Amino acid sequence: MFLVSIATSVFGKLEPYYVAYRWQGQGGTIIIAASVGLTLAQPFWLITLRRMGHLRTLCVAFVLLGAGAIAFTLAEIAGYFAQAAFAFLFGAANGGIATLLWASFADRVSAERPTAPASAFALLTAISKFGLTVAAWLFLVDYRVDGTGLDLAMAGIPAAAVAMCLAVMALSSPIRNGGRLRIMPRI
């Protein structure tokens with residue numbers, strides 16, 4: 001959750017600045033596309049979850065998030081609407097990851113003692129907020145001067161976070177648990 005919070009927050013925080021510098025403020029569609037993707041893709045993630053299970057679906061969502069971020073940057077030469085399409089993909093993948101993490105969280109705490117959900121929710125929220133705090137440190141970098149490096153940060157940071165998430169998943173217990181994703185420790 002920590003890495004996901006960083007990845008999605010960096011992209012979202014930099015997106016308005018990128019649009020302002022690259023598209024001289026005419027990029028409202030790009031900003032809206034990520035939100036629309038997040039919303040409209042929810043039925044897709046539910047169907048995918050039912051067919052593929054938590055772990056595989058989460059891997060697909062992570063790969064799509066990283067691909068969306070990188071393709072968004074590479075699509076700059078293809079134009080405005082290409083970037084809007086990849087912002088939509090980024091948003092859709094973000095929605096899938098959020099849905100799957102919260103679904104896994106619910107599965108985990110429902111199997112615990114009655115008081116477990118409160119402490120587990122507190123832990124997950126704290127981890128998420130810590131990731132948001134790390135992403136908020138972007139104010140230390142003066143990327144607003146001329147827009148240089150915004151696209152690299154928008155692609156690089158989420159892609160790195162995705163790679164780390166996939167590595168953690170590959171090295172952790174879900175593979176040995178028959179594909180069930182267990183993101184929360186026993187409480």
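**Entry 1: α3 against α5.** I listed the contacts (heavy atoms within 4.5 Å) and found that Gln42, Trp45 and Leu49 in α3 meet Ala92, Ala93, Gly95, Gly96, Thr99 and Leu100 in α5. Helices here are DSSP runs (H or I, at least four residues), numbered from the N terminus. The model is predicted: local features need pLDDT of at least 70 and side-chain atom pairs count only at pLDDT 80 or more, whereas totals for chains, interfaces and linings use all residues. Residues are numbered from 1 along each chain as its sequence is written, and side-chain values use heavy atoms, with hydrogens and water left out.

I then looked up the geometry, with axes as lines fitted to C-alpha atoms over the stretch in contact and angles running from 0 to 180 degrees between N-to-C directions. The axes of α3 and α5 come within 9 Å and cross at roughly 50°. That makes α3 oblique to α5; angles under 35 degrees count as roughly parallel, over 145 as roughly antiparallel, 65 to 115 as roughly perpendicular and the rest as oblique. The crossing is right-handed, a term for a near helix turned clockwise from the far one by less than a right angle.

**Entry 2: α2 against α5.** I found axes that come within 6 Å and cross at roughly 30°, and α2 and α5 are therefore roughly parallel to each other. α2 passes α5 in a right-handed crossing. Among the residues that meet are Ile30, Ala33 and Leu38 in α2, and Tyr80, Ala87 and Asn94 in α5.

**Entry 3: Asn94.** I located Asn94 in helix α5. Asn94 is buried, with a relative accessible area of 17%; buried means under 20%, exposed over 50% and partly exposed in between (1.4 Å probe, protein chains only). Not counting residues up to four places away in sequence, Asn94 touches Thr8, Leu38 and Leu65.

Entry 4: Leaving aside neighbours within four places in sequence, Phe72 is in contact with Phe11, Tyr18, Ile30, Gln83, Phe86, Ala87 and Met154.

**Entry 5: aromatic rings.** I searched the whole structure and found five aromatic pairs, where rings of Phe, Tyr and Trp (its six-membered ring) pair if their centres lie within 6.5 Å, and planes under 30 degrees apart count as stacked, over 60 as edge-to-face and the rest as tilted. Tyr80 and Phe81 form an edge-to-face pair, 5.0 Å centre to centre with 80° between the planes.

Technical notes. Helices (H or I, at least four residues) and strands (E, at least two) are DSSP runs, numbered from the N terminus.
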